[in-house]
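Colleague: Thanks for making time for this one. Could you walk me through the fold and a few side chains?

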Amino acid sequence: MGEAVRADARRNYELVLAAAREAFAEHGTEASLRDVARRAGVGIGTLYRHFPTREALLEALMRDGFDRLREEAVQLYSAADARSALVEWLGRMASGSSEYRGLPESVLAALHDEGSPLHESCAAMRAAGARLLERAQAAGEVRADVTPNELIALAGGVAWASERSVERSGDGSKEGPALLRRLLALAVEGISPR
């Protein structure tokens, strides 16, 4: 009986994650958790047993993406051009941050809230980006006064601005990625040495 209960719990966990991906894609990170439970075919109590907070659910959804960003930072660290490596990683972070409407705000809030279930994943991602930043600063490619928190805020801000502009234009499929790259290029100019 114990294994059947564990299998059922695991199935419910996966159903809730799949439903959350769908609901967050449609309505952003503030989607109704009752709607997530309904889509998953479980009760709200089952959702809260697996994910006691919205942030815990978001962390489970984003964990792989955060891990991938940390791994990419490690790989990019050995690239010949420190500035290009940093810009490449920032682009990946900004693009990932625009996966769900509201995600940039959630990431930035979690970085400042050590009690958030998202904090550890976000802090590890920031630390990986900080290494790339320090390398680019040591090479004289990025201003020395730029901090890792500012770098993460910059990428989050680019993702947020791109997301909001696309929502207003109604043509996200064409404008979104191009606008994100353009905004990121402008932001990188701002952190470049004068």
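Modeller: Happy to! For charges, Lys and Arg count as positive and Asp and Glu as negative, while His and the chain ends are left out. Please keep in mind that this is a predicted model.

Colleague: Good, then how far apart do the centres of the positive and negative side chains lie?

Modeller: The place of a charge is taken as NZ of Lys, CZ of Arg, CG of Asp or CD of Glu. The protein carries 25 positive and 29 negative side chains. The separation between the centres of these two sets is 2 Å.

Colleague: And the fold itself: how many helices and how many strands does the protein have?

Modeller: Reading from the N terminus, the elements go α-α-α-α-α-α-α-α-α. The C-alpha trace spans about 65 × 40 × 25 Å along its principal axes. The count is nine helices and zero strands.

Colleague: What share of the contacts with a separation of 6 or more comes from residues 24 or more positions apart?

Modeller: Some context on burial comes in handy here: of the 194 residues, 44% count as buried. The protein exposes about 10100 Å², with carbon and sulfur atoms supplying 51% of that area. For the contacts you ask about, the share is 66%.

Colleague: On to the rings. Is the pair of phenylalanine 24 and tyrosine 100 stacked or edge-to-face?

Modeller: By the ring-centre rule, the protein has two aromatic pairs. In the pair you name, the centres are 5.8 Å apart and the planes meet at 80°. Planes over 60 degrees apart fall in one class, so the pair of phenylalanine 24 and tyrosine 100 is edge-to-face.

Colleague: Now helix H5. Is serine 97 buried or exposed?

Modeller: Serine 97 is found in helix H5. Leaving out residues up to four places away in sequence, serine 97 touches Leu103, Pro104 and Ala159. Its relative accessible area is 5%, and the cut-off is 20%, so serine 97 is buried.

Colleague: Which residues is valine 87 in contact with, beyond its neighbours within four places in sequence?

Modeller: Valine 87 is also found in helix H5, and at 27% relative accessible area it is partly exposed. Its C-alpha atom is 10.0 Å from that of alanine 187, 100 residues apart along the chain. The contacts of valine 87 are Leu184 and Val188.

Colleague: Last one: how far apart in space are leucine 57 and leucine 86, C-alpha to C-alpha?

Modeller: Leucine 57 is in helix H4 (residues 54-76) and is buried, with a relative accessible area of 0%. Its contacts outside its sequence neighbourhood include Val16, Leu17, Phe24 and Phe51. Leucine 57 and leucine 86 are 29 residues apart in sequence, and their separation in space is 29 Å.

Note on methods. Residues are numbered from 1 along each chain as its sequence is written. This is a predicted model: local features need pLDDT of at least 70, side-chain atom pairs count only at pLDDT 80 or more; totals for chains, interfaces and linings use all residues. Side-chain values use heavy atoms; hydrogens and water are left out. Helices (H or I, at least four residues) and strands (E, at least two) are DSSP runs, numbered from the N terminus. Buried means under 20% relative accessible area, exposed over 50%, partly exposed in between (1.4 Å probe, protein chains only). Contact means heavy atoms within 4.5 Å. Accessible areas come from the Shrake-Rupley method with a 1.4 Å probe; for residues, only the protein chains shown count as cover. Rings of Phe, Tyr and Trp (its six-membered ring) pair if their centres lie within 6.5 Å; planes under 30 degrees apart count as stacked, over 60 as edge-to-face and the rest as tilted.
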